[in-house]
Amino acid sequence: MSEDLIIIGGGIAGLSAALLCGRARRKVAVIDAGRPRNRFADHSHGVFGWDGAGPADMTARQRDQALGYPSVRIVQGEVSAVERSGKGFRVLTTGGDVLQSRRLLLAAGVSDMLPDIEGMEGRWGKTVLHCPYCHGYAFADRPTGVLATTPMAVHQALVVADWGPVTLFTSGLIELDETQRARLGARKVLVETGPVRRLVGGDGALEGVELDDGRRIAVDVLYTVPRISLGLDWLDGLGVVVDEGPLGPIVRTDERRATTAGGIYAAGDCARQPHNASFASADGVAAAMAIHMSLIEEEIARAL
Ligand SMILES: Cc1cc2nc3c(=O)[nH]c(=O)nc-3n(C[C@H](O)[C@H](O)[C@H](O)COP(=O)(O)OP(=O)(O)OC[C@H]3O[C@@H](n4cnc5c(N)ncnc54)[C@H](O)[C@@H]3O)c2cc1C
């Protein structure tokens with residue numbers, strides 16, 4: 001049985017697209033591995049109508065709403081291979097499912113690769129953060145660190161200074177020029193240039209950043225910009241072009257969210273930077289409309 005659309009990834013981008021296509025009464029299968037990027041956070045913020053909701057609660061509600069349309073189904077599983085089959089696609093999962101569709105939407109998100117520093121991992125999404133708009137409000141006026149991984153840390157420090165007093169840890173990874181130092185000074189950002197050894201504090205909380213020279217700088221929250229990875233190896237050979245963005249790879253799309261490979265669209269974090277739940281949802285909606293239109297055009301061409 002062939003679907004009109006297979007959506008790979010059932011996060012906010014994929015489920016937004018599924019909802020739209022379900023309302024258009026198109027047959028949709030969402031294949032989802034169940035690891036949304038924000039699963040490390042206790043609360044999601046800045047998402048209109050959902051401010052402060054738990055990420056798992058949001059996803060559960062979005063799944064329920066998409067499944068409210070009888071032409072939508074969700075397959076729990078991980079896509080391991082995609083191949084062209086006739087005018088459409090054949091999609092295989094690690095669990096042995098084989099699905100067919102006329103169109104494909106990539107909505108598989110990205111993975112964060114945290115800096116290799118002791119104490120990072122257990123704090124990710126709690127006291128080690130990437131986005132002040134998502135979580136900065138909870139740490140307002142508290143001592144704040146920014147850990148450099150790329151030159152974007154300077155921008156992050158300039159912005160985050162609106163939430164609290166900032167120390168920028170360049171950790172020997174970036175060099176600041178005079179203009180950058182002046183701009184940071186204008187925002188009262190302090191700079192520590194020595195290598196960071198580890199993060200300290202108990203039970204997910206953060207009390208400070210320990211430098212290689214043994215000093216501890218007190219911070220309650222640390223921002224950083226992790227590099228991202230896509231994990232779309234199974235797309236190789238299909239003609240989807242991936243560009244290099246400031247944070248890592250991005251699937252190239254046009255304004256309709258169509259990739260460079262015919263019939264394959266992409267939405268959400270895997271196909272955009274910057275990343276944000278509302279942007280991902282909007283991308284899913286835009287992709288769904290474009291995919292719906294492409295199905296209609298194909299049916300008109302077939303009928304003429
Ligand atoms: C810690 C943290 C907190 C955040 N908090 C906020 C916030 O408060 N507000 C905000 O606006 N944004 C927040 N974000 C950003 C937000 O989470 C992302 O922008 C959003 O999740 C992107 O949606 P998406 O659908 O593109 O990807 P995701 O939500 O990551 O969903 C992708 C889905 O695809 C699945 N998948 C991946 N590969 C496969 C495969 N091969 N087969 C099947 N399924 C697959 C994954 O398991 C996952 O379920 C946060 C991000 C992080 C890291």
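**View 1. Arg25 sits in the loop between H1 and S2.** This is a predicted model: local features need pLDDT of at least 70, side-chain atom pairs count only at pLDDT 80 or more, and totals for chains, interfaces and linings use all residues. Residues are numbered from 1 along each chain as its sequence is written, and side-chain values use heavy atoms, with hydrogens and water left out. Helices (H or I, at least four residues) and strands (E, at least two) are DSSP runs, numbered from the N terminus. Most residues other than glycine have a negative phi, and most peptide bonds are trans. Arg25 is not a glycine, yet its phi is positive, at about 65°. Its relative accessibility is 75%, so Arg25 counts as exposed. Buried means under 20% relative accessible area, exposed over 50%, and partly exposed in between (1.4 Å probe, protein chains only).

**View 2. Lys188 is another residue with a positive phi, about 60°, although it is not a glycine.** Look for Lys188 in the loop between H5 and S11. Is Lys188 buried or exposed? Lys188 is exposed because its relative accessible area is 69%.

**View 3. The peptide bond from Gln273 to Pro274 is cis.** Its omega is near 5°. Pro274 belongs to the loop between strand S19 (264-266) and H6.

**View 4. The ligand is surrounded by 37 residues.** The closest are Asp32, Arg35, Arg37, His45 and Val79. By type, the shell holds 16 nonpolar, 15 polar and six charged residues. Here Ala, Val, Leu, Ile, Met, Phe, Trp, Tyr, Cys and Pro count as nonpolar, Asp, Glu, Lys and Arg as charged, and the others, Gly among them, as polar. Helix H1 (12-23), strand S2 (28-32), helix H3 (132-135) and helix H6 (277-303) each give at least two residues to this shell. Domain 1 (2-112 + 227-303) and domain 2 (115-224) each give at least three. The domain bounds come from an automatic or database domain assignment.

**View 5. Strand S13 (residues 208-211) is buried on both faces.** In a regular strand the side chains alternate between the two faces of the sheet. Gly208 and Glu210 point one way, and Val209 and Leu211 the other. S13 runs antiparallel to strand S12 (residues 196-200), joined by four bridges. Strands pair if DSSP finds at least two bridges between them. Arg198 stands opposite Glu210. S13 also pairs with strand S14 (residues 216-218), antiparallel, over three bridges. There, Gly208 has Ala218 as its bridge partner. Four residues separate S13 and S14 in their hairpin, and Gly214 in the turn has a positive phi of about 95°.

**View 6. Strands S4 (residues 79-85) and S5 (residues 88-93) run antiparallel, joined by six bridges.** Glu83 stands opposite Arg90 in S5. Two residues lie between the strands of this hairpin, where Gly86 takes a positive phi near 60°.

**View 7. Five strands form an open parallel sheet in the order S8-S15-S9-S10-S11.** Strand S8 (128-129) and strand S11 (190-192) are the edges; each has a single partner strand, so one side of each lacks a neighbour in the sheet. Further in, four bridges join strand S9 (residues 144-147) to strand S15 (residues 221-224) in parallel. Thr144 stands opposite Val221.

**View 8. Gln156 is part of helix H4 (residues 152-160).** Its relative accessibility is 7%, so Gln156 counts as buried. What does its side chain reach? The side chain of Gln156 reaches the backbone oxygen of His130 at 3.1 Å.

Conventions: Near = heavy atom within 4 Å. Polar contact = N/O pair within 3.5 Å; in protein donor to acceptor, adjacent residues only side chain to side chain.
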